[in-house]
Amino acid sequence: MSNERILVVDDEKLLRWSLRERLVREGFDVTEAETGRDARDRIAEDTVDLVLLDYRLPDTNGLDLLKTILAAQPEVPVILMTAYSTVETAVEAIKLGAYDYINKPFNQDELVISVRKALETSSLRREVRALRHQQEERFGLTNIVGDSPSMREVFRMIGKVGRSAASTVLITGESGTGKDLVAKAIHYASDRASGPFMNITCSALPENLLESELMGHERGAFTDARTSKQGLFELANGGTLFLDEIGDMGILLQAKLLRFLEEKTFKRVGGVRDIKVELRIIAATNRDLARAVKEGRFREDLYYRLKVIPIVLPPLRDRVEDIPRLARHFIDQFNREFKKSCKGVDEAAGALLQRHAWPGNVRELRNVIERAMILEDKAHLQEEDLPEEIRGVAASASPAAGGGFTLPDGGYSLEKMEEDLVRQAMQKAGGNQSRAARLLAISRDALRYKIKKFNL
């Protein structure tokens, strides 16, 4: 039994009875209305899954009632029935949002087929809408965590770019800073959110295969090209294409990408016809593209074309104030995923997390929390639950009994320790260089030199 509710609106009692009998046998729940007023009352009282609507009613016509029905329940499919068919009426009904238009007298088997197709279409639309809502929740702006000044600027840019008509965006930042999350957040903050979000990693494929993936190919364009294939430019039409690791794209393909950005047209591999699409390109890289331009590895004109709107993601070590919130976010995430009830990290473990330099950035922090959540079932994650490389930083920075420092068994970079200590001193001093210099027992000039050296 389907249990879907169908409203039959028709002033002919015999037809309503006939339709009711057939539809009930098919497993539907059927309710009836004889007039437009009755139909409005039924729609106001309860939701329905489909409406079979007569064009001519005693107190109104089907097109006016169609508008009322769709205003109250925009997603409900309406099939218009009439013995007074004209092309103009059919066109007008479809324009107003009717799913189908059938002429009286009709074959009930054909009507049932139309009803089932309409309900399937409506169900698919609901599923797509629910999936889109899940995607928006999963990849929307609220899933990027941070309240540091640098991240507030990133959020501001995401909102502005998302709402803008910008066709290109360039996201730069170290590996693990969340460039893909920002790209998705831009997509779902834009009027393209209902369109596709496609992505590809430019370093994952040789140049010839990457070109085929982006532009598609015609049958016979190369060996094994037995059929024509759409590329990501076509598949992302109306939405967003995310080109990750754009700095690894070959020079020849860079030229073709530039042409596409300028003209919004391209040819499939082996094709002769220009194909025009409309989409936004978001490119991302952890490389220094300006240096790559100077070294001749990246086209200068493409660089400036992509850099119309740049977004720079800060490394995690430059926004340590966000680490507690990020840790809490990941703990909540893995509580749901692993069905656990961890309440957070204790004070000692939290201090270790904030001291670590995080060369792998947010991705590394996520992995650390995931590992601890898999292996432990504690109310709070503790120091011993963290991996050795994080506990080792604390050991190397803690005074030993002899007044020196304890070197971890695996060794530790002296320069990295120095950078960590300078960063910690600046944090403890609230950015006051004189106070930070006193904490490190060095001159203010020496501290300034180290700040410049480590680009802090």
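This is a predicted model: local features need pLDDT of at least 70, side-chain atom pairs count only at pLDDT 80 or more; totals for chains, interfaces and linings use all residues.

Residues are numbered from 1 along each chain as its sequence is written, and side-chain values use heavy atoms, with hydrogens and water left out.

**Stop 1: the sheet**

Helices (H or I, at least four residues) and strands (E, at least two) are DSSP runs, numbered from the N terminus. Show the five strands of the open sheet, in the order S7-S8-S11-S6-S12, paired in parallel; two strands pair if DSSP finds at least two bridges between them. At the edges are S7 (197–201) and S12 (310–312), each with a single partner strand, so one side of each has no neighbour in the sheet. From one strand to the next, the twist averages 20°.

Contact here means heavy atoms within 4.5 Å; axes are lines fitted to C-alpha atoms, for helices over the stretch in contact, and angles run from 0 to 180 degrees between N-to-C directions.

**Stop 2: strand S11**

Is S11 buried or exposed? Six of its six residues are buried, so S11 is largely enclosed by the rest of the structure. Buried means under 20% relative accessible area, exposed over 50%, and partly exposed in between (1.4 Å probe, protein chains only). In a regular strand, side chains alternate between the two faces of the sheet. Here Arg280, Ile282 and Ala284 point one way, while Ile281, Ala283 and Thr285 point the other.

Select its partners next. S6 (residues 168–172) runs parallel to S11 and is joined to it by five bridges, with Ile171 partnered by Ala284. S8 also pairs in the parallel sense with S11, over four bridges; there, Leu241 has Ile281 as its bridge partner. Going on to S7, you'll find five bridges to S8, again parallel, and Met198 opposite Leu241.

**Stop 3: the largest pocket**

The largest pocket holds about 950 Å³ of space. On a 1 Å grid over the protein atoms alone, a pocket is an open set of points where a 1.4 Å probe fits, with protein on both sides within 12 Å along at least five of seven lines; lining residues have an atom within 4 Å of a point. Grid points are joined across faces, edges and corners, and the volume is the space filled by probe spheres set on the points.

Select Gly178, Asp180, Leu181, Phe330 and Arg366, the closest to the centre among the 36 lining residues. Which helix gives the most to the lining? That is H13, with eight residues. Elements giving two or more residues include H5 (108–139), H15 (361–375) and strand S8 (240–244).

Colour the lining by class and you get 13 nonpolar, ten polar and 13 charged residues. Ala, Val, Leu, Ile, Met, Phe, Trp, Tyr, Cys and Pro count as nonpolar, Asp, Glu, Lys and Arg as charged, and the others, Gly among them, as polar.

**Stop 4**

Jump to the loop between S5 (100–103) and H5, where Pro105 lies. The peptide bond from Lys104 to Pro105 is cis, with omega near -10°.

Next, Trp358, in the loop between H14 (347–355) and H15, has a positive phi near 50° without being a glycine. Trp358 is buried, at 0% relative accessibility.

Finish at Asn455, in the segment after H19 (444–453). Asn455 is not a glycine either, yet its phi is positive, about 55°. Asn455 is exposed, with a relative accessible area of 65%.
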